[in-house]
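Subject: Structure for you to look at

Hello,

Here is the structure I said I would pass on. My notes follow below it.

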Number of protein chains: 2
Amino acid sequence: MASEFDLIARYFSPPTSHTLLAGGDDAALIGVGEGMELAVSTDMLVGGRHFLQDAEPYGVGYKSLAVNLSDIAAMGGIADYVILSLGIPPLLDSKDIDAFYRGFATLGRECGVALIGGDTNAADKLIVSVCVIGHALARPVTRRGARPGEDIYVTGKLGDSALGLKLLQRKRRGKPRLHAGALMMRHQRPTPRLSAGALLAKGDLATAMIDVSDGLVQDLGHICRASGVGATLYGDRLPLSAAYRALCGKAGLGPALSGGEDYELLFCARRRDRARIEKLPARAGVAITRIGLCTAGEPRVVILDASGKSLPLPVTGHDHFKV
Amino acid sequence: MASEFDLIARYFSPPTSHTLLAGGDDAALIGVGEGMELAVSTDMLVGGRHFLQDAEPYGVGYKSLAVNLSDIAAMGGIADYVILSLGIPPLLDSKDIDAFYRGFATLGRECGVALIGGDTNAADKLIVSVCVIGHALARPVTRRGARPGEDIYVTGKLGDSALGLKLLQRKRRGKPRLHAGALMMRHQRPTPRLSAGALLAKGDLATAMIDVSDGLVQDLGHICRASGVGATLYGDRLPLSAAYRALCGKAGLGPALSGGEDYELLFCARRRDRARIEKLPARAGVAITRIGLCTAGEPRVVILDASGKSLPLPVTGHDHFKV
């Protein structure tokens with residue numbers, strides 16, 4: 001099956017002169033009027049595939065908006081409006097739908113996003129289709145601007161969401177674990193890094209950016225291919241939470257490298273901007289860790305351990321519900 | 001179950017100062033930058049509910065875009081961009097998906113709309129979620145501006161789509177009928193009346209407008225309630241096609257009054273603009289028929305026959321697959 005963007009390229013007229021960046025990045029950019037550039041992003045989530053069938057509706061609502069806002073954050077944009085279309089299965093009662101909307105609205109209010117419309121339908125499974133319209137700051141950040149010699153950074157911690165999912169699946173089989181609550185929350189209510197993204201764009205600090213939805217290595221690979229650079233990751237510098245370390249020990253980098261759904265920002269920046277980036281976390285409200293280096297090599301990712309020895313790449317990227 | 005807009009009102013902060021018209025009309029209007037107003041509309045279509053399970057994929061693609069463009073037409077807007085999210089069931093092979101995109105893209109090209117992004121997912125049934133972003137002309141047309149004494153008009157013909165659906169359902173039981181082809185096409189490939197809508201807005205001719213998706217009486221009721229007017233329809237003036245007359249005879253106004261999915265424009269206009277409106281069809285490429293009058297009465301619809309006698313209202317509005 002051809003990918004959606006192959007199909008777009010095949011069937012649609014070339015984007016109009018107002019389309020600055022069509023599909024293929026985290027959000028599409030379109031020029032409207034004087035100096036105004038919109039950032040538009042969409043994601044469809046399907047019950048039983050993107051979230052567990054028995055997931056609590058509040059969390060599903062929260063996360064449905066979060067993953068879409070994360071795409072706008074990854075462009076360094078400001079999220080303004082959201083459109084929400086729902087397919088509602090007979091299993092969900094009005095209390096569930098109410099909880100879904102509360103979760104969606106809570107994050108919407110926190111992020112200053114206005115729900116301007118939508119559509120509801122009966123369906124067999126829960127379908128959540130969200131479209132976010134934001135605007136770009138002076139210089140939106142795509143995946144294409146990384147250059148050899150630049151640093152690679154990531155916000156927050158990696159791998160917690162994947163571990164949280166694993167624990168949620170185990171929980172159903174009745175084995176509660178220490179740290180479980182915090183990790184499950186990272187999976188159920190990821191934080192869109194809107195402030196960090198906007199600060200990086202405003203300061204012209206990030207040369208390329210993406211959000212970590214499919215897993216660190218896979219998403220860094222997207223930047224590598226779009227920018228035409230290689231990437232070396234320092235395995236011992238990956239930011240891991242205390243809960244992650246307690247559960248996975250020192251050796252287990254798997255969930256951090258390929259777990260997916262962290263929705264942290266992964267970006268590249270010039271070496272001369274190191275001092276400015278070190279000052280960002282206080283304003284962005286999230287840690288920022290330097291984890292690697294862009295290289296002039298092939299557009300692929302290499303992982304080194306503390307002694308400089310190459311580590312094997314994780315076999316696959318993120319596959320929903322398989323961590 | 002509370003309606004989607006009840007839920008929006010309950011859970012979301014009031015629309016920001018940039019939101020000129022949130023959900024509840026055919027499209028939401030949002031102000032962006034200097035004098036630029038966007039019109040945004042969305043519709044989710046679910047296989048087996050919004051189109052027949054065995055509907056040809058080309059037609060499903062075409063119609064999915066058409067019904068969304070129709071919402072922009074009903075605001076008198078210009079459609080610019082479209083975002084398409086698909087849930088694809090295992091039953092559809094790559095040939096079907098290809099045909100779906102061709103149908104979608106054919107209408108997109110005809111209407112000058114650029115596909116700027118989307119999302120594809122595996123799903124149990126075909127899910128099509130479309131979001132159209134357009135812009136409003138000088139004065140976008142809502143449902144709220146009708147005044148007593150104004151005329152009521154509709155573009156094109158009424159009821160053909162409902163008859164076409166009936167024939168499509170019978171066809172499966174093996175009873176082909178005269179006129180069937182043309183009527184089925186009206187159901188499968190409705191024409192979004194973008195030119196007519198834009199001309200009506202540009203000329204400041206329509207005071208209130210909606211597209212006929214749920215059926216004439218039901219959609220006129222939306223204008224009545226939003227504008228605070230009553231409406232009298234002249235039953236003998238409803239524009240019916242030759243195929244409709246041949247199949248339904250003189251007495252059968254049911255499909256024209258409540259059949260739904262015609263996607264024609266229903267609008268109100270001042271009496272002094274009659275001559276200007278009579279000249280529009282040549283430029284708009286579609287017939288425009290005066291079918292009624294706005295009244296100062298209760299916000300409801302009355303239907304009169306040729307002798308001025310009140311006809312019974314159709315019992316229900318449009319219910320998908322029940323005509």
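How much accessible surface does chain A have, and what share of it belongs to carbon and sulfur atoms? The surface comes to about 12800 Å², and carbon and sulfur atoms account for 53% of that. Please keep in mind that this is a predicted model.

Chain A overall

Chain A has 323 residues, and 59% of them count as buried. Its secondary structure consists of 11 helices and 13 strands. Taking the contacts between residues at least 6 apart in sequence, 81% join residues at least 24 apart.

The sheet in chain A

An open sheet of 7 strands runs in the order β8-β10-β7-β11-β9-β12-β13 in chain A, with mixed pairing. The edges are taken by β8 (206-211) and β13 (310-311) of chain A; each has a single partner strand, so one side of each has no neighbour in the sheet. In general, strands of a sheet pair through backbone hydrogen bonds, either parallel or antiparallel.

One of the pairs in chain A is β7 (residues 151-155) with β10 (residues 265-269), which run antiparallel and are joined by 4 bridges. Within this pair, Val154(A) is opposite Leu266(A) of β10(A).

Helices in chain A

Helix α2 (residues 57-73) of chain A has 17 residues. From first C-alpha to last, α2(A) reaches 24 Å, close to the 24 Å expected at 1.5 Å a residue. How many of the residues of α2(A) are buried? The count is 17 of 17.

Strand β9 in chain B

I looked at β9 (residues 230-234) in chain B, where 5 of the 5 residues are buried. Cover is found on both faces of β9(B): one side carries Gly230(B), Thr232(B) and Tyr234(B), the other Ala231(B) and Leu233(B), all of them buried.

Which way does β9(B) run relative to β11 (residues 288-295) of chain B? The two are antiparallel, with 4 bridges between them, and Leu233(B) has Gly292(B) as its bridge partner in β11(B). With β12 (residues 301-304) of chain B, β9(B) runs parallel, again through 4 bridges. There, Tyr234(B) is opposite Leu304(B) of β12(B).

Regards

Methods: Residues numbered from 1 in each chain as written. Chains lettered and ligands numbered in written order. Predicted model: local features only at pLDDT ≥ 70, side-chain atom pairs only at ≥ 80, totals over all residues. Heavy atoms only, no water. Buried < 20%, exposed > 50% of the residue type's maximum accessible area, 1.4 Å probe, protein only. Contact = heavy atoms within 4.5 Å. Areas by Shrake-Rupley, 256 points an atom, 1.4 Å probe, with all protein chains shown as cover. Pairing = 2+ DSSP bridges. Expected span 1.5 Å × (residues − 1).
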